[in-house]
Amino acid sequence: MILFGTNPIAWANDDDRSIGADIPTTRILDEAGRQIGFDGIENGHRWPDDPEEMRALLGSYGLKFISGWYSTKLLVRSVEDEIAACQHHLAKLKHNGCKVMIVCETSNAIHGDASRAVNERPTLSASEMAEFGAKLEAFAAYLAGQGVTLVYHHHMGTIVESPADIDAFMAATGPHTHLLFDAGHCAFGGGDPVAVLTKHIGRVRHFHAKNIRPAVVEKVRKEGWSFLKGVVEGAFTVPGDQEGGIDFGPLLKLLAGAKYDGWIVIEAEQNPDVRNPLLYQTLGLATLKRLSREAGLI
């Protein structure tokens, strides 16, 4: 079953909490659930930390809790320590019936540092990637035993960003590790979304329908902007935006061909003072539903 979701970073950013700080939490939930009609929403810093309080709050607006970002630190701590550290987050997912845990290694990531150019992001050698992959696979195997699938989020400013990184990461991990495919981060990282998704479709268990504005992304790269400056200046947008550079039709056809079963989430952070979240998220959902029908996905 295909479900359509969003992420609260369209309204209130998690990496820079000054972005959208004036937007009330009730407005986020009302627009996402009651006005636009998403099936669910991912985690954000505004939601209650208690699993049941969060479930009840989101449910009162007609929204399911999809899942939420979890930052691993496996480059600097053991698998056992990671398992211990994730328990509260894991309990939140299990209480809300979430099928996946969204994971990204952030021990050396720079995407949240406004003083660092995203071009300066960290990289791993082949041997380092193999070691990291083995540890992540062990962590993923533990989560699988808890009934939750690990989906790894390739992301700008991190050790898994480019198509080559994604290839190396997928080769370094095993059957318990799956991929969160993010169209926008793929394109921003220098990849062809169709080619990358085609290569790894068999292990994709979560899909982020993020679009990019190519002209802004080019400036980020050429002028050495931070990831956060790129966000504020409009590097990302939603499916259907005429300024966007990604055609989601072929991507959704690939999902349909693979009999994808799960969430399609608009995770597109923008400056809400410039791009009204209600308007953009409405456009994004309408576009995805139309293209999904055309692709035979729904």
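The following legends describe close-up views of a predicted model.

Residues are numbered from 1 along each chain as its sequence is written, and side-chain values use heavy atoms, with hydrogens and water left out. Because the model is predicted, local features need pLDDT of at least 70 and side-chain atom pairs count only at pLDDT 80 or more, while totals for chains, interfaces and linings use all residues.

**View 1. The packing of helix H1 against helix H12.** Two packed helices are described by the angle between their axes and the distance between the axes. Helix H1 spans residues 25–36 and helix H12 spans residues 277–295; they pack at an angle of about 35 degrees, with their axes 11 Å apart. (Helices are DSSP runs of H or I with at least four residues, strands are runs of E with at least two, and both are numbered from the N terminus; axes are lines fitted to C-alpha atoms, for helices over the stretch in contact, and angles run from 0 to 180 degrees between N-to-C directions.) The crossing of H1 and H12 is right-handed, a term used when the near helix is turned clockwise from the far one by less than a right angle. From H1, the residues Arg27, Glu31, Gln35 and Ile36 meet Pro277, Leu278, Gln281, Thr282 and Leu285 of H12, where contact means heavy atoms within 4.5 Å. The residues of this contact divide into 4 nonpolar, 3 polar and 2 charged. (Ala, Val, Leu, Ile, Met, Phe, Trp, Tyr, Cys and Pro count as nonpolar, Asp, Glu, Lys and Arg as charged, and the others, Gly among them, as polar.)

View 2. In H2 (residues 51–59), the residues Pro51, Met54 and Leu58 are buried. (Buried means under 20% relative accessible area, exposed over 50%, and partly exposed in between, with a 1.4 Å probe and protein chains only.) Seen down the axis of H2, the buried residues fall within an arc of 65 degrees, so they line one face of the helix; the arc is that of the directions from the helix axis to the C-beta atoms. These residues pack against H1, strand S2 (40–41), strand S3 (64–65) and helix H4 (87–95).

View 3. Asp165, Ile166, Phe169 and Met170 are the buried residues of H6 (residues 163–172). They cover an arc of only 125 degrees around the axis, which puts them on the same side of H6. Ala164 and Ala171, on the other side of H6, are exposed. The cover over the buried residues of H6 includes H5, S6, strand S7 (177–182) and helix H8 (193–200).

**View 4. Histidine 153 in strand S6.** Histidine 153 belongs to S6 (residues 149–153) and is buried, with a relative accessible area of 0%. Its side chain is joined to that of histidine 208 by a polar contact of 3.5 Å. (A polar contact is a pair of N or O atoms within 3.5 Å; within protein, one must be able to donate a hydrogen and the other to accept it, and residues adjacent in sequence count only if both atoms are side-chain atoms.) Leaving aside neighbours within four places in sequence, the contacts of histidine 153 include Trp69, Cys104, Asp182, His185 and Glu267.

**View 5. Phenylalanine 139 in helix H5.** Phenylalanine 139 lies in H5 and is buried, with 0% relative accessible area. Not counting residues up to four places away in sequence, phenylalanine 139 touches several residues, among them Tyr70, Leu74, Ile83, Met101 and Leu150.

**View 6. Histidine 111 and serine 115 in the loop between strand S5 and helix H5.** Histidine 111 is found in this loop and counts as buried at 7% relative accessibility. Serine 115 lies in the loop between S5 (100–105) and H5 (126–145), and counts as exposed at 63% relative accessibility. A polar contact of 2.6 Å joins the side chains of serine 115 and aspartate 113. Lysine 229, in helix H10 (residues 227–233), is partly exposed at 35%. Lysine 229 and serine 115 are 114 residues apart in sequence and 9.5 Å apart in space, C-alpha to C-alpha.

**View 7. Lysine 259 in the loop between helix H11 and strand S11.** Lysine 259 is found between H11 (248–257) and S11 (263–266). Although lysine 259 is not a glycine, its phi is positive, at about 55 degrees. Lysine 259 is exposed, with a relative accessible area of 72%.
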